[in-house]
Amino acid sequence: MSELVAGLPKHDWSGEFKAIGYRLLAVAAMCIALALVSDAFLTWNNVLNVLRQAALLFLLASGLTLVILTAGLDLSVGANVALSACLAGTVMKATGSPALGAALGLACGTLIGAVNGLLVTKARIPPFIATYGMLWVVHGVTYWYMAGSTVHGFPANFRALGSGYWLGIPIPVYLMFLFLAIGVLFAQRTTWGQEIYAVGANPVAARLSGVPIHRRLVLVYALSGAMAGLASLIFLARLNAAEGDIGESLTLPAIAAVLIGGTSLFGGIGTVGGTLVGALILTLVLNGMNLLALNPNSQPLVTGVIVILAVYLDMLTRKRTRS
Amino acid sequence: MPEIPRAGPLAPAAASQPARASVRWSRIPGVAYTLAALCVVFALTSKGFLNPTNLANIGMQSTILLLLALPMTLIILTEGIDLSMGAVLTVASVVLAATVVKTGSPVLALGAALAIGAAFGFANGALTAWVAIPPFVVTLGTMGIAQGLALILTDAQSIVGMPESVTWWYGGFLAGIPVPLLVAVAAYLAMHALLYHTRFGTYVFALGGNPDALRLAGVRGDFYLVGVYALGGLMTGFAGLLLTARMSAGHPTAAIGLEFEAIAAVALGGTSFEKGNGWLFGTVLGVLTVGVLRNGLNLLGIPSAVQVAAIGVLVIGALWVDSLRTPG
């Protein structure tokens with residue numbers, strides 16, 4: 001790969017694979033522990049449920065992974081899901097065409113992401129402020145657009161996207177593996193992917209090597225927005241309804257999944273595959289709380305603790321490998 | 001976005017005293033013009049806006065925001081951020097309401113609210129300064145923790161039945177002046193004194209502008225950084241008293257997202273997210289701008305979520321204009 005982008009250092013993939021390996025061990029340990037404490041865990045239905053929830057989280061978090069790889073952040077993904085889902089849902093209802101609705105939902109997500117990218121590059125606003133501002137702008141637009149109403153009842157062929165099965169496995173799970181493959185190939189086997197790593201690892205070196213930093217940054221924010229648009233469609237198909245506040249509570253879990261998956265906030269380190277494992281870990285935690293009948297109100301609390309712990313553990317292990 | 005060093009001499013060395021003065025003068029017009037323009041627009045478009053009662057209302061409604069935005073200014077001066085303030089304010093309000101209902105003692109209740117606010121602030125500061133986790137992640141995490149805590153403590157229900165000793169803090173008068181206005185003035189004067197007339201304040205500017213100089217001068221900057229966040233938590237806890245008084249209840253999602261308005265007020269007021277450049281009175285003007293915008297849009301019958309979106313557009317616009325002025 002190094003001949004694709006001359007001068008950029010080779011990425012250390014063996015370290016990344018080791019990090020994913022440790023996390024898969026954690027997944028296995030959690031599964032064993034949950035199977036021991038709860039009879040309901042190892043039922044086919046519950047396993048499919050975990051996978052389906054992890055799929056939605058992964059799709060949202062996979063685009064976010066690219067943003068965080070550039071040492072950026074996208075706090076607007078949850079609000080993006082809400083607006084994209086509402087737009088797709090209302091258009092689908094009005095025109096009766098799932099394809100048109102889905103296309104507009106995806107376009108809306110991508111557009112919000114691209115605006116984020118332009119705010120970060122052209123307006124030079126720090127990413128977490130730019131995307132935090134966008135969160136509230138998009139949130140307000142969604143409320144204004146929906147005006148408190150709900151749309152529901154979509155065509156069956158669209159609903160299959162979220163709640164359908166093929167060979168006994170939910171469709172979102174296939175999408176999860178499809179986008180895992182696309183994400184891994186894009187990030188690790190293409191020039192653009194390498195350049196994204198380079199921008200996060202060392203922006204000065206990347207610029208001196210001729211990487212068009214601004215264009216790559218706009219690309220990752222647009223991709224993050226596009227994945228939010230895709231996640232919104234699956235969410236919409238699953239719920240079979242949309243209102244102004246859906247998806248809002250997804251931002252923190254999505255960021256958590258990326259960070260648990262071993263992507264460093266400081267950029268340049270991490271993998272899309274790790275994010276899938278991160279999404280599985282977080283989903284297992286929340287599923288376990290559910291099975292043990294813990295108070296569902298404590299979910300944001302647990303997710304918050306996990307975010308901080310994940311970053312802390314990540315910093316500890318990296319410090320050790322560096323020294 | 002990763003910071004891309006620009007050509008030419010590096011800025012941090014020049015970032016302490018002289019830069020502060022120049023920023024102060026160049027920034028007054030920006031936020032003051034925005035505030036004046038909004039006032040003119042709303043005076044023309046809605047009849048009730050210039051009514052003295054309405055103007056007093058803007059001041060009173062802005063007090064809670066000011067109590068968050070003042071310490072947020074200090075936090076942003078250290079190149080930090082606190083995304084947890086709205087959730088911590090909510091949990092403080094809920095704890096205060098629950099304590100006063102259980103024990104009947106408003107003093108104990110205020111103590112509990114201050115303690116939980118300060119504890120969250122301390123945790124934010126400690127994780128930022130001593131564990132070196134970036135503040136926006138720390139406070140994103142503690143935001144989730146505080147949000148969950150507020151929901152668990154209340155079981156997602158409102159806690160009602162506040163005694164007059166609590167509601168007085170929002171609806172009461174002292175010497176004919178509404179109590180919240182007095183609180184706002186007192187809070188500003190105290191923070192002004194702290195930031196501009198104490199060693200603590202000087203170190204706050206240095207933490208963002210030139211932390212190396214602070215270290216070379218033998219100052220334990222980490223203690224002051226933790227102090228800044230703890231102070232933010234403490235003031236957020238106190239704001240919990242006014243919030244509970246205003247709603248006459250403790251509600252588990254009352255102030256979710258209010259930190260955005262506080263950050264917006266600081267940004268509109270001309271405090272920069274880099275290099276420790278900022279101006280405390282600018283934050284007051286920023287708070288008033290946010291307050292006037294919300295009040296005016298409210299009078300025009302525009303829903304709250306859209307008002308917040310308007311604040312978002314204003315802030316992004318202000319930061320954009322700001323970036324056009326600085327070469328890059």
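**A walk through a two-chain predicted model**

T251(A) is buried: 23 other C-beta atoms lie within 10 Å. The cut-off for that label is 20 or more such atoms. Leaving out residues up to four places away in sequence, T251(A) touches L75(A), V77(A) and G78(A). T251(A) and L60(A) are 191 residues apart in sequence, yet their C-alpha atoms are 8.7 Å apart.

Move on to the end of that helix. G261(A) sits in the loop between α11 and α12 of chain A. Is G261(A) buried or exposed? G261(A) counts as buried, with 30 C-beta neighbours inside 10 Å. Its contacts, not counting residues up to four places away in sequence, are R23(A), G270(A), G274(A), T275(A), V277(A) and G278(A). Take T275(A) from that list. It is 14 residues from G261(A) along the chain, and the two C-alpha atoms are separated by 4.3 Å.

Helix α2 of chain A runs over residues 44-69, and helix α12 of chain A over residues 272-291. Their axes are 8 Å apart, and the packing angle is about 140°. How are the two helices oriented? Angles over 145 degrees count as roughly antiparallel. The angle here is about 140°, and α2(A) and α12(A) are therefore oblique to each other. The crossing is right-handed.

Sorted by class, the contact has eleven nonpolar residues, six polar and no charged.

T131(A) lies in helix α5 of chain A, residues 127-146. T131(A) is buried, with 30 other C-beta atoms within 10 Å. Aside from neighbours within four places in sequence, T131(A) is in contact with L73(A), D74(A), L75(A), S76(A) and N116(A). L75(A) is in that list, and T251(A) touches L75(A) too. V120(A) is eleven residues from T131(A) along the chain, with 8.6 Å between the C-alpha atoms.

Now step back to the whole of chain A. It holds 13 helices and four strands. Its radius of gyration is 19 Å, close to the 20 Å that the globule rule gives for 323 residues, so chain A is as compact as a globular protein of that length. The C-alpha trace spans about 55 × 50 × 35 Å along its principal axes. Of the 323 residues, 55% count as buried. Among contacts with a separation of 6 or more in chain A, 78% join residues 24 or more positions apart.

The C-alpha atoms of chain B fill a box of roughly 60 × 50 × 35 Å along the principal axes. Buried residues make up 53% of the 328. For contacts with a separation of 6 or more in chain B, residues 24 or more positions apart account for 79%.

Helix α4 of chain B (residues 106-129) and helix α10 of chain B (residues 221-247) have axes that come within 7 Å and cross at roughly 150°. That makes α4(B) roughly antiparallel to α10(B). The crossing is right-handed. The contact of α4(B) with α10(B) has 19 nonpolar residues, ten polar and one charged.

Last comes the interface. Here 39 residues of chain B are in contact with 47 residues of chain A. On the chain B side, α5 (135-154) and α13 (304-325) each supply at least two residues. The largest share, 14 residues, comes from α5(B). What classes make up this side of chain B? The residues divide into 31 nonpolar, eight polar and no charged.

How values were computed: Residues are numbered from 1 along each chain as its sequence is written. Chains are lettered from A and ligands numbered from 1 in the order in which they are written. This is a predicted model: local features need pLDDT of at least 70, side-chain atom pairs count only at pLDDT 80 or more; totals for chains, interfaces and linings use all residues. A residue is buried if 20 or more other C-beta atoms lie within 10 Å of its own, exposed if 12 or fewer, and partly exposed in between; C-beta atoms are placed from the backbone. Two residues are in contact if their C-beta atoms, placed from the backbone, lie within 7 Å. The radius of gyration is taken over C-alpha atoms; the globule rule is 2.2 Å times the number of residues to the power 0.38. Axes are lines fitted to C-alpha atoms, for helices over the stretch in contact, and angles run from 0 to 180 degrees between N-to-C directions. Angles under 35 degrees count as roughly parallel, over 145 as roughly antiparallel, 65 to 115 as roughly perpendicular and the rest as oblique. A crossing is left-handed if the near helix is turned anticlockwise from the far one by less than a right angle, and right-handed if clockwise. Ala, Val, Leu, Ile, Met, Phe, Trp, Tyr, Cys and Pro count as nonpolar, Asp, Glu, Lys and Arg as charged, and the others, Gly among them, as polar.
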